[in-house]
Amino acid sequence: MFGKRGKDGFGNAGDTIDRTPPLAPELEPESKSAETGSSAAEELLVTGNTPIAPGADRPEQKRRSSKKSDGYYTTKSQVFSALIDTIDLSQLSKLDNESAREEIRDIVNDIITIKNFAMSISEQEELLEDICNDVLGYGPLEPLLARDEIADIMINGAGHSYIEVNGKVEESDIRFRDESQLLSICQRIVSQVGRRVDESSPICDARLPDGSRVNVIAPPLAIDGTTLTIRKFKKDKLTLDQLVNYGSITPAGATILQIIGRVRCNVVISGGTGSGKTTLLNCLTRYIDETERIITCEDSAELQLQQPHVVRLETRPPNIEGEGEVTMRDLVKNCLRMRPERIIVGEVRGPEVFDLLQAMNTGHDGSMGTIHSNSPRECLSRIESMIAMGGYSLPAKTVREIISGSVDIIVQAARLRDGSRRITHITEVTGMEGDVIITQDLMTFDLEGEDANGNILGQHCSTGIGRPQFWERARYFSEENRLAEAIDSMERSTA
Ligand SMILES: Nc1ncnc2c1ncn2[C@@H]1O[C@H](COP(=O)(O)OP(=O)(O)OP(=O)(O)O)[C@@H](O)[C@H]1O
Ligand SMILES: [Mg+2]
């Protein structure tokens with residue numbers, strides 16, 4: 001029941017490990033230029049053999065709050081055209097990022113002087129930065145990418161963009177020159193992971209070199225223009241301690257989660273869009289022992305495991321002929337032949353749930369995954385319907401028995417309407433009574449109202465369960481004292 005290793009293999013909890021996250025795998029870009037209608041010069045920059053990775057070593061950029069005038073964009077467009085006429089792009093592509101920036105700055109300064117554009121020093125500085133970003137990086141996206149407090153960037157066509165800061169969505173002042181610039185930047189992003197986006201292949205998932213998750217959907221599917229959504233990768237990864245500081249969970253609740261992560265409970269993290277599921281999964285994986293072989297399966301590699309023995313797998317969409325797709329299910333099935341000790345599925349969305357449950361049930365305890373659902377109960381019924389999607393014609397009772405025999409813990413995350421993110425439930429799946437799966441909450445978040453500023457008030461409460469079902473498992477890993485202390489402390493603070 002508790003895995004196959006002897007006592008020596010358990011080592012220390014992973015909370016003291018401070019390792020650089022694994023690098024994104026080097027994927028060979030197909031370097032196919034899309035028929036974007038962008039200028040020849042931009043195409044060259046998109047697909048050219050440039051050693052300058054857009055977005056790499058991006059200098060910190062100041063936040064610009066002022067909306068730019070149409071005059072600014074007209075001047076920028078004139079300077080840009082003059083630059084493209086002047087600069088030798090093949091030479092530029094041989095320079096490193098810093099030298100290329102210097103080169104562009106020199107030429108742009110000359111153009112401004114020769115053409116006698118009237119602008120202040122700060123306007124000139126802004127223009128220089130914008131043009132460098134257009135040529136070497138991701139153009140108008142760069143200032144947003146440089147801001148670590150932004151969680152999501154949403155570009156709805158060239159003229160409209162939104163960002164999420166502190167859990168709240170606000171309109172941003174950046175805009176693209178036109179549709180073709182936006183699509184060409186999207187193409188630049190996705191070609192780095194060997195994918196393409198254009199009218200014939202208008203949907204694409206990708207990631208930035210820093211790990212940010214990217215989705216592009218282009219016209220004709222996106223009616224009002226190319227729509228780009230980026231879930232930004234936080235440079236300062238959130239840890240359980242930080243979640244405690246943000247009030248997402250109490251210190252005692254965090255300790256219980258640490259123990260759950262370490263003692264090889266099978267965990268499903270449930271939550272709505274952007275509620276913090278992946279963040280939480282990342283946090284839990286920190287407590288996995290260093291000795292374990294972990295295999296991760298994701299649509300777009302977002303997880304950053306700290307352990308040394310990790311194999312990262314990513315699904316692949318079909319190519320333009322509709323062939324070559326590798327689904328999450330294929331990956332999870334393949335994992336089972338890779339001698340995993342734990343399998344971690346970034347987002348469980350379909351029939352692969354059955355394979356994950358089988359893995360949880362057959363010696364890969366400690367496996368984890370996230371599921372989109374709004375409560376632990378709903379999560380269980382989502383699992384049932386995902387199994388049905390796989391075409392299995394098993395009786396409902398058998399399906400529920402498989403679920404209750406596999407999943408130990410459901411952790412529920414939520415984004416509340418004030419923008420804060422909370423862990424609202426730590427729930428155990430304890431077994432079956434008749435045809436029904438039985439669960440017990442160890443901790444819940446009780447809403448109490450809101451303060452004058454609209455911030456949600458509430459507190460994390462113990463439900464009075466003194467001895468969770470995973471107690472024996474905790475004892476096996478010598479964690480029972482810590483668990484007992486955390487449960488006592490949670491009860492004291494609830495009383
Ligand atoms: N407890 C928290 N407090 C503050 N910010 C958080 C918290 N948890 C996550 N975040 C931030 O919220 C954003 C969304 O988090 P995350 O990617 O984990 O959500 P998700 O539920 O996996 O989203 P999706 O459904 O899109 O996959 C990230 O920028 C993350 O840094
Ligand atoms: Mg996620």
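Contacts first: residues 24 or more positions apart account for 61% of the chain's contacts with a separation of 6 or more. Two residues are in contact if their C-beta atoms, placed from the backbone, lie within 7 Å. This is a predicted model, in which local features need pLDDT of at least 70, side-chain atom pairs count only at pLDDT 80 or more, and totals for chains, interfaces and linings use all residues. Residues are numbered from 1 along each chain as its sequence is written, while chains are lettered from A and ligands numbered from 1 in the order in which they are written.

**Whole chain**

Switch to cartoon. The chain has 16 helices and 15 strands. These are DSSP runs numbered from the N terminus: helices are H or I with at least four residues, strands are E with at least two. Of the 495 residues, 41% are buried. Buried takes 20 or more other C-beta atoms within 10 Å of the residue's own, exposed takes 12 or fewer, and partly exposed lies in between; C-beta atoms are placed from the backbone.

**The cores**

Select Ile 256, Ile 260, Val 267, Leu 356 and Val 411. They have the most contacts inside the largest nonpolar core, which has 67 residues. Such a core is a set of buried Ala, Val, Leu, Ile, Met, Phe, Trp, Tyr and Cys residues joined through C-beta atoms within 7 Å. Now center on Val 267. Leaving out residues up to four places away in sequence, Val 267 touches Ile 260, Leu 284, Met 368, Asp 408, Ile 409 and Val 411. A second, separate core has 27 residues, among them Tyr 138, Ala 151, Ile 163 and Ala 206.

**Ile 344**

Move to strand β10, where Ile 344 is found. Ile 344 counts as buried because 27 other C-beta atoms lie within 10 Å. Which residues does Ile 344 touch, not counting those up to four places away in sequence? They are Thr 285, Ile 294, Thr 296, Leu 303, Ser 367, Met 368 and Gly 369. Draw a distance from Ile 344 to Ser 367: the two are 23 residues apart in sequence and 5.6 Å apart in space, C-alpha to C-alpha.

**Helix α11**

Select residues 328-335, helix α11. Its buried residues are Met 328, Leu 331, Val 332 and Cys 335. They sit on the same side of α11 because they cover an arc of only 95 degrees around the axis. The arc is that of the directions from the helix axis to the C-beta atoms. An α-helix has 3.6 residues a turn, so residues three or four places apart point the same way. Show the cover over these buried residues: it includes β8 (294-298), β9 (310-314), β10 (342-345) and α12 (352-361).

**Ligand 1**

Show ligand 1 and its shell. Of the 16 residues around it, Ala 151, Gly 276, Lys 277, Thr 278 and Thr 279 come nearest. A residue is near a molecule if its C-beta atom, placed from the backbone, lies within 6 Å of it. Helix α10 (residues 277-285) gives the largest share of the shell, three residues. The shell divides into four nonpolar, eight polar and four charged residues. Here Ala, Val, Leu, Ile, Met, Phe, Trp, Tyr, Cys and Pro count as nonpolar, Asp, Glu, Lys and Arg as charged, and the others, Gly among them, as polar.

**Hairpins**

Select β13 (residues 421-433) and β14 (residues 436-450). They run antiparallel, joined by eight bridges. Two strands pair if DSSP finds at least two bridges between them. Thr 427 has Asp 441 in β14 as its bridge partner. Two residues separate the strands of this hairpin, and Gly 434 in the turn has a positive phi of about 65 degrees.

Glu 450 is the bridge partner of Ile 456 in β15. This hairpin has five residues between its strands, with Gly 454 in the turn at a positive phi of about 85 degrees.

Go to β2 (residues 161-165) and β3 (residues 168-171), an antiparallel pair over four bridges. Val 165 has Lys 168 in β3 as its bridge partner. With two residues between the strands, this hairpin has Asn 166 at a positive phi near 50 degrees.

Most residues other than glycine have a negative phi, and most peptide bonds are trans.

- Pro 220: the peptide bond from Pro 219 is cis, with omega near 10 degrees. Pro 220 is in the loop between β5 (213-217) and β6 (227-231).
- Arg 264: not a glycine, yet its positive phi is about 65 degrees. Arg 264 lies in the loop between α9 (251-262) and β7 (267-271). Arg 264 counts as buried, with 25 C-beta neighbours inside 10 Å.
- Arg 339: also not a glycine, with a positive phi of about 50 degrees. Look in the loop between α11 and β10 for Arg 339. Arg 339 is exposed, with 10 other C-beta atoms within 10 Å.
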